[in-house]
Amino acid sequence: MVEEALRLYPPAAFLSRTARSRDTLGGREVRPGDTIMLPIYALHRHRLLWDDPDAFDPDRFAPGVSRDRFAFLPFGAGPRICIGASFALQEAVIILATLLSRLRFALTGRRPEPRMILTLRPHGGVWLQVSRRA
Ligand code: HEM
């Protein structure tokens, strides 16, 4: 479930790299010093990589389901991959499990709206109706 949320709403919605040497990428020339933008948000919703990409479907990450290693990059990849990835995933599951065991959350009329400001954030916050579980 956390992975699927990170697919649809990756906090690091784009990454960038500076080219060190001449190369070609998708038929385009890359020169040393060029900035290459990696649009992670678009990658995670690419129709050639994901079925029904805008739908929330945690089963995409069920055990045994395979996918292209580079189709899902919420924590980046390679030498600069996020060193906190495992910690962040465990922390998210623990926080969610703790909250959901005690509280119920329901949508209000105000729906969350993703906004890209360096990182992807819910514009104006996430408004939920919270009640105690019986
Ligand atoms: C959901 C939570 C998180 C997300 C989505 C996330 C995402 C990322 C991404 C995409 C990168 C790579 C940036 C790049 O390639 O340019 C990165 C790097 C990094 N992250 Fe995270 N991160 C998260 C949580 C954390 C936590 C909890 C820690 C520390 C405990 C952490 C520490 C770092 C550090 C130190 C780097 C830089 C690694 C390097 O450049 O060698 N992150 N993170």
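This is a predicted model: local features need pLDDT of at least 70, side-chain atom pairs count only at pLDDT 80 or more; totals for chains, interfaces and linings use all residues.
User: How do I read its accessibility? Is Arg7 buried or exposed?

Analyst: The idea is to look at relative accessible area, where under 20% means buried. Arg7 comes out at 0%, so Arg7 is buried.

User: Now the ligand. Which protein atom is the donor of its iron atom?

Analyst: For a metal, you look for N, O and S atoms within 2.8 Å. Here the only protein donor of the iron atom is the SG of Cys82, at 2.2 Å.

User: How many residues surround the ligand?

Analyst: There are 14, and the closest are Arg17, Pro74, Phe75, Arg80 and Cys82. Strand S1 (15-18) and H3 each supply at least two residues of that shell.

User: What do the side chains of Arg17 and Arg80 come up against?

Analyst: For polar contacts, check for pairs of N or O atoms within 3.5 Å. A side-chain N or O atom of Arg17 is 2.6 Å from an oxygen atom of the ligand. For Arg80, the corresponding distance to a ligand oxygen atom is 2.9 Å.

User: Let's move to the surface. Which residues form the nonpolar patch?

Analyst: A patch like this joins nonpolar side chains that have over 30% relative accessible area. Among its members here are Met1, Phe56, Ile95, Leu96, Leu99, Leu100 and Phe105, and the whole patch has about 930 Å² of accessible area. The elements giving two or more residues are H3, strand S5 (103-107) and strand S8 (128-132).

User: Which element gives the most to the patch?

Analyst: That's H3, with 4 residues. Take Leu100, which lies in helix H3. Its relative accessibility is 33%, so Leu100 counts as partly exposed.

User: What about Ser101: which helix is it in, and what does its side chain contact?

Analyst: Ser101 is in helix H3 too. A polar atom of its side chain lies 2.9 Å from the backbone oxygen of Thr98. With a relative accessible area of 48%, Ser101 is partly exposed.

Key:
Residues are numbered from 1 along each chain as its sequence is written. Side-chain values use heavy atoms; hydrogens and water are left out. Donors are N, O and S atoms within 2.8 Å of the metal (3.2 Å for Na, K and Ca); water is not among the atoms, so sites may look incomplete. Buried means under 20% relative accessible area, exposed over 50%, partly exposed in between (1.4 Å probe, protein chains only). A polar contact is a pair of N or O atoms within 3.5 Å; within protein, one must be able to donate a hydrogen and the other to accept it, and residues adjacent in sequence count only if both atoms are side-chain atoms. Patches are made of residues with over 30% relative accessible area and no salt bridge: like charges are joined within 9 Å, nonpolar side chains (Val, Leu, Ile, Met, Phe, Trp, Tyr) within 5 Å. Accessible areas come from the Shrake-Rupley method with a 1.4 Å probe; for residues, only the protein chains shown count as cover. A salt bridge is a side-chain nitrogen of Lys or Arg within 4 Å of a carboxyl oxygen of Asp or Glu. A residue is near a molecule or strand if one of its heavy atoms lies within 4 Å of it.
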